Amino acid sequence: MQKSTRRAAILLLPLWLAACGGGPSGGISFTDDQGVANQPFPANYKTDLLAFLRAYLNDPVGVRDASMAQPVQRTVGGRLRYVSCVRYTAKDRDGKYLAPKELAVSYVDMRLDRVVEDTAEACAGASYAPFPEMEKMAR
């Protein structure tokens with residue numbers, strides 16, 4: 001009896017997993033957002049961004065020249081999103097400073113969603129202000 005249950009589970013597992021990828025578009029969606037409605041403003045954008053950068057940077061200690069633009073609504077990938085831009089100079093694994101870097105970060109449903117690679121379009125006209133919290137990051 002136990003063997004037949006195990007076999008059934010093994011045979012049905014691929015079907016169940018395929019169903020989880022569901023949706024008519026074939027992708028997984030964690031939100032009902034269709035990309036056309038106004039998104040809520042990400043009130044905790046600085047906290048979320050700092051948490052992300054601690055994991056993203058090889059060495060978050062000693063970042064300098066950090067500046068950030070408040071989130072503004074932009075169309076990213078055909079969807080309306082809040083986007084915030086950040087500029088900084090970080091260290092590499094050897095402790096040497098790298099060239100300055102710019103990131104654009106998009107938010108969905110008030111949470112950090114992803115880093116946008118095309119900063120030229122996403123950050124065009126961004127108004128940067130000092131971001132001292134980033135320069136004070138610790139491991």
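Modeller: Let's look at the disulfide and the sheet around it. Keep in mind that this is a predicted model. If you search the whole structure, you find one disulfide. Its partners are C85 and C123, with their sulfur atoms 2.0 Å apart. The two cysteines sit 38 residues apart and tie distant parts of the chain together: C85 belongs to strand 2, while C123 lies in the loop between helix 3 (119–122) and strand 5. Now for the handedness: the torsion about the S-S bond of C85 and C123 is about -100°, so this disulfide is left-handed.

Are the two ends buried or exposed? C85 has a relative accessibility of 2%, so it counts as buried. C123 is buried too, with a relative accessible area of 6%; the cut-off for buried is under 20%.

Strand 2 covers residues 79–91 and runs antiparallel to strand 3, residues 101–108, with seven bridges joining the pair. Along that pairing, V86 stands opposite L103 in strand 3.

Both strands are part of an open sheet of five strands, paired antiparallel in the order 4-3-2-1-5. At the edges you'll find strand 4 (111–116) and strand 5 (128–130), each pairing on one side only. From one strand to the next, the twist averages 30°.

Conventions: Residues are numbered from 1 along each chain as its sequence is written. This is a predicted model: local features need pLDDT of at least 70, side-chain atom pairs count only at pLDDT 80 or more; totals for chains, interfaces and linings use all residues. Side-chain values use heavy atoms; hydrogens and water are left out. Two strands pair if DSSP finds at least two bridges between them. Helices (H or I, at least four residues) and strands (E, at least two) are DSSP runs, numbered from the N terminus. Axes are lines fitted to C-alpha atoms, for helices over the stretch in contact, and angles run from 0 to 180 degrees between N-to-C directions. A disulfide is a pair of cysteine sulfur atoms within 2.5 Å. Buried means under 20% relative accessible area, exposed over 50%, partly exposed in between (1.4 Å probe, protein chains only).
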